[in-house]
Amino acid sequence: MDDLNSDLIKKIMDLKSKKKAIILAHNYQLGEVQDIADFVGDSLELSQKAAKTDSEVIVFCGVHFMAETASITCPDKTVLLPDLNAGCPMANMITAPQLIGEKKELPDAAVVCYINSSAAVKAESDVCCTSANAIRIVQNIDSPEILFVPDQYLGHYVSTQTSKKMHFWPGYCPTHARIRPEDILRAKKEHPQAKVVVHPECRPETIAVADEVLSTGGIMRFAQSTAAREIIVGTEVGIIYRLKKENPDKVFIPASEQAVCPRMKLITLEKILWSLEEMAPEVKVPEPIRVKALKAVERMLEMSAR
Ligand code: 13P
Ligand code: SF4
């Protein structure tokens, strides 16, 4: 570690304890950000951690909807997102007015929204889900018909695993859409013994050539428990850092080097320090939206705990 980074890290740690803050980081964050976090995980694990923390300040190293979810469950805490430009393009592919319009077209469908959505969209949904619990939520919600927003590919994958009648919104993740089946088949040719694990945000044709389809937290657990020594990873490349760190004896091959989420990489050590110094930028969901969105998030947390 160079002197500049060690100096930055020391300042962050000092301020973190002074301000009684916790640093939460998503699995796609830069390695140096993961290293200073109190907890690194997937969207479900991060929302559970945020809901339970007794720290007064949450520094969210991830994208905007993740910080919003923390603000929904922890209205009395200060939730900081070190760069407000860190938004998820898929979450922006549906607005609350669009969802309200679609609900009118499908009055019998229960609305399940992927956590990668705005608080305003969550407020118009019956329940929220993440990639880790989407199948369970869709299967267990008390309605045979589902409107799933905004990720058409996650929705499609869930529909292959459940008996529900599902309608999809045409959203998608531009990063995961870059991972093509040819990429995986090429990697498989070079590493014939490797297991292939992909995220359910991938296209159906990519999912079709995988051995396992898992959330980023699920990919971490799979890497530890599998007997395979080589693993082809079909998700955002940032996860490779944690996979290697926690499994030094295994080999991880990114399915595509193109699978980079530029917004996730906007969070840096410098911005984390600045954010703690300034107690900004804060993400705060307006109370009328928060109260409605909380119902969808709480329902998800309750259904995942069962
Ligand atoms: P996970 O909940 O699996 O970490 O996924 C979040 C995400 O944004 C994937 O692109
Ligand atoms: Fe959004 Fe895709 Fe980035 Fe995840 S990887 S935050 S879904 S754009």
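**Close-up 1. A salt bridge joins Asp14 and Lys10.** In this predicted model, the two side chains meet with an N to O distance of 2.9 Å. Both residues belong to helix α1, which covers residues 3-18. Asp14 and Lys10 are four residues apart, about one turn of the helix. The pair qualifies because a Lys nitrogen within 4 Å of an Asp carboxyl oxygen counts as a salt bridge. By this rule, the count comes to 14 salt bridges.

**Close-up 2. Eleven residues are listed by name around ligand 1: His26, Tyr28, Asp42, Ser43, Asn116, Ser131, His176, His199, Glu201, Ser215 and Thr216.** Sorted by class, this shell holds one nonpolar, eight polar and two charged residues. Tyr is classed as nonpolar, and Tyr28 is part of the shell. Asp and Glu are classed as charged; Asp42 and Glu201 are both in the shell.

**Close-up 3. Side chains of Ser131, Ser43 and Tyr28 approach oxygen atoms of ligand 1.** A polar side-chain atom of Ser131 is 2.7 Å from a ligand oxygen. For Ser43, an N or O atom of the side chain is 2.8 Å from an oxygen of ligand 1. For Tyr28, the corresponding distance from a side-chain N or O atom to a ligand oxygen is 3.4 Å. Ligand 1 taken alone exposes 300 Å². The protein buries 96% of that area.

**Close-up 4. Ligand 1 takes up the largest pocket.** The residues around the ligand here include His176, His199, Ser215 and Thr216. Asn116 and His26 are also among them.

Notes:
Residues are numbered from 1 along each chain as its sequence is written. Chains are lettered from A and ligands numbered from 1 in the order in which they are written. This is a predicted model: local features need pLDDT of at least 70, side-chain atom pairs count only at pLDDT 80 or more; totals for chains, interfaces and linings use all residues. Side-chain values use heavy atoms; hydrogens and water are left out. A residue is near a molecule or strand if one of its heavy atoms lies within 4 Å of it. A polar contact is a pair of N or O atoms within 3.5 Å; within protein, one must be able to donate a hydrogen and the other to accept it, and residues adjacent in sequence count only if both atoms are side-chain atoms. Accessible areas come from the Shrake-Rupley method with a 1.4 Å probe; for residues, only the protein chains shown count as cover. On a 1 Å grid over the protein atoms alone, a cavity is a set of points where a 1.4 Å probe fits but cannot get out, and a pocket is an open set with protein on both sides within 12 Å along at least five of seven lines; lining residues have an atom within 4 Å of a point. A molecule sits in a cavity or pocket if more than half of its atoms lie within 2 Å of its grid points. Helices (H or I, at least four residues) and strands (E, at least two) are DSSP runs, numbered from the N terminus.
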